[in-house]
Amino acid sequence: MIQSETLELLEWPRLCHHLATFAATKLGATAARHLKIPDSQTQSELLLEQTKEIYQLETRLTTGLSFEGIQDIGDSLERAERSGVLAGEELLAIATTLSGARNLRRVIDNQEDLPILTELVADLRTYPELEQEIHRCIDERAQVTDRASQKLGEIRTDLRRLRTQITQKLQNILQAKSGAVQEQLITQRSDRFVIPVKAPQKDAIPGIVHDTSTSGATLYVEPNSVVPLGNQLRQIIRREQAEEETIRRVLTEQVAAVKPDLERLLAIATTLDLATARSRYSLWLGANPPRFIQREDREMITLRNLRHPLLVWQQQHEQGQPVVPVDLLISPQIRVVTITGPNTGGKTVTLKTLGLAALMAKVGLFVPAREPVEIPWFDKVLADIGDEQSLQQSLSTFSGHIRRISRILEALGNGEAEEQGSRGAGEQETGVIFPSLSTQHSALSTQHSTLSTQYSALVLLDEVGAGTDPVEGSALAIALLQYLANHSQLTIATTHFGELKALKYEDDRFENASVEFDESTLSPTYRLLWGIPGRSNALTIALRLGLKPEVVQQAKTQVGEATDEVNQVIAGLEAQRRRQETKAAEAQVLLQQAERLYKEVSAKAASLEERESSLRASQEVAVQQAIAQAKGEIAQVIRRLQKGTPTAQEAQQATNALNQIGQQYQPATPAKPKVGFMPKVGDRIRVPKLGQIAEVIVAPDQDGELSVRFGLMKMTVKLEDVESLDGQKAEPVVKPKPAPAAVTPPPQNVPDIRTSQNTIDLRGKRVADAEYILDKAISEATGPIWIIHGYGTGKLRQGVHAFLQQHSRVNNYEPAEQADGGSGVTVAHIK
């Protein structure tokens, strides 16, 4: 009983009526108006998941989820099961419902990431063959069609023929007796064809009078000549009706055979429509999905910018006042919150808002609050709000409150008993009664020390302890709140008793809150202030409203200095809170500016990075194209060298071509100042006069002469007769002060290319002969040489490697690539 009372007090039926306006079908609207509140958190979480998935689905669809064609066919199914014959309209409604349900399933199956909805429609059977049969037999006007059966088709053919005969006869009579008829018209009365005859000339057309006009001047007569045809027509019509009923009976039996599946289809369609209504209502409210928390896990109730959904509706549809949101941030250890403040300040609205939020979360609705929305799942929401005084029942305000609170405590006791019974605790629940006022505090202190299991209930009490003597009412309110702290998960109570403000400082499970009051305008702001108890504003308001100052001063004297000091402390706390809120608002503005700047900088950085990536990609493409073109040109040089026996001049031309290719496709290097060339011991130089490349074995002396070796020959040459491999002339020797040796620039990075000139075939040679050939080839080489020694016993390869290992001009050596002979060929890299 108290649960239904609570729903009425919170105006839950009104919210359900608002929800029903978002339903697309009659079934969904009915279900929304009689919304069932789940009994378990699992059911609530399932409903929330349905709402979330519908919300997600409708954001993807351009026109939203369509329930077109789905109708309430429940009564028709019951009639079919009881062997009744369904009318054409009922059969047509069943066919359109099957089609609409099939479209719903198709839309959901075509989407991804909707596991709850997909599972819901997985067992949906829409019987397309039944739908097609109904449409074959029933047309869009809900009439049985000629094609429904061959017999019906024949009957209707006879009907059309007979009607044509009757019409033709009546037309002949109208033409022959035109003076006796009122007008040239053929009409029907009681399924009989008649013509309008003037009353004075009724004998001119003998027949049966079926009707008379209001004035009596016209008689509607069925001529005797067509009476037999009319009788025959009526018999055929009865045959037609009997055949139509037979066809509808057959269809009705087919419907009755699948009644359980059709009822399941209706239930699924209603569930989807109700979930869609919840989603659309939540979207309209600007609400967010809640998350059920466990306060035992130290999780905090978080409801920021919580708005009363009925006030939002009133603002939008009834030109109401703007809704002032409240913030409810309740720590996990808090069990009781007392809200104080002036009347009409918003205390009762806060209670109702929280109660509706808890119920909305339970039924799968989003909560009109800012994310994150975190709230416990309450087994029950119990409220004592408003005045229950009744003259008929001889109830005063106090008596009405006490009776309702007694029902609340009884519900808590029953809930604890059920919970303990389900856990198998075997504990006997104590009766829920009020101890005497004299022993209340000591009894509850013992309960605090040995805390009983708290029932997951939300209790909302408005003006607790009001309506009686303030001293006893205050004591009763304290005892009641301490009891609820032990037996309910959360209690929110409004009060005017100052003694309740002190509970926070005696028990850490209590918290104070107050509604803000603007003294300058003498009006509430409807804002909820946490941690600060409300202070009395009665004397201030009385003074500003014109009450004599001496009266107000006398009242302050009666109140006492202690109360005045408390009010001053509270006023100081409120002023400090306003200063902190101002600073917090300024910090929020700075934070928003910083976030905006961060987003701008991040966007620019991303743009620059994207541009750099694009440039790098285009450069890589250009480099790859250049490499491919260079390889092609190098291949052409190699093919020219491989044609015939190359001469020294052709080899020189090929070298020059490769140097040009390297200069063209290699990245430009910064120009270095050209320095003079001075050969040193070990340098390789070119002697143009001899057309040979030699190795310097003795550095130039003061006379500009140096000793060189090429092959097995040694000779002395002038410094001006030699040049570096890159074509630089040697610096002239200055005898008084010899020029320092210049750094030789590195040779061009020309690709290593195997030709007949740098390939030596030693196969079949002895190691001693191979060493002589190798020494000569190494002395003449300007780059790597390919030495073919083959596999054989491996002795020739070992001798070649030993010679290369000790030769001063060999930098390193390695097996050739597989295409060039693999381990049967060694590549020697010359310094």
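Q: Which residue stands opposite Phe710 in β18?
A: Met713 does. The model is a predicted one.

Q: Why do β17 and β18 count as a pair of strands?
A: Pairing takes at least two bridges. Six bridges join β17 to β18, residues 713-718.

Q: What marks the hairpin of β17 and β18?
A: Two residues lie between the strands. Gly711 takes a positive phi near 70°.

Q: How do you know that β16 pairs with β17?
A: Count the bridges. Three join β16 (residues 692-698) to β17 (residues 705-710). At least two are needed, so this pair qualifies as well. These strands also run antiparallel. Within the pair, Glu695 has Arg709 of β17 as its bridge partner.

Q: How many residues lie between β16 and β17 in their hairpin?
A: Six. In that turn, Gly704 has a positive phi of about 80°.

Q: What is the strand order in the open sheet of four strands?
A: The order is β1-β2-β4-β3, and the pairing is antiparallel.

Q: Why are β1 and β3 said to stand at the edges?
A: β1 (187-189) and β3 (207-212) each have a single partner strand, so one side of each lacks a neighbour in the sheet. On average, neighbouring strands here are turned by 50° against each other, direction ignored.

Q: What makes β1 and β2 a pair?
A: Three bridges connect β1 with β2, residues 192-198. The threshold is at least two, so β1 and β2 pair. Their sense is antiparallel. Thr187 has Val194 in β2 as its bridge partner.

Q: Which strands does α9 touch as it packs on the sheet?
A: α9 touches β2 and β4 (218-223). The direction of α9 makes about 10° with that of β2.

Q: Which strands does helix α10 lie across?
A: Helix α10 (residues 227-257) lies across β2, β3 and β4. It runs at about 145° to β2.

Q: Where does Thr145 lie?
A: Thr145 is in the loop between α8 (128-137) and α9 (150-176).

Q: Which residues is Thr145 in contact with, leaving aside its neighbours within four places in sequence?
A: Arg136, Cys137, Ile138, Asp139, Leu152 and Arg156. Contact here means heavy atoms within 4.5 Å.

Methods:
Residues are numbered from 1 along each chain as its sequence is written. This is a predicted model: local features need pLDDT of at least 70, side-chain atom pairs count only at pLDDT 80 or more; totals for chains, interfaces and linings use all residues. Side-chain values use heavy atoms; hydrogens and water are left out. Axes are lines fitted to C-alpha atoms, for helices over the stretch in contact, and angles run from 0 to 180 degrees between N-to-C directions.
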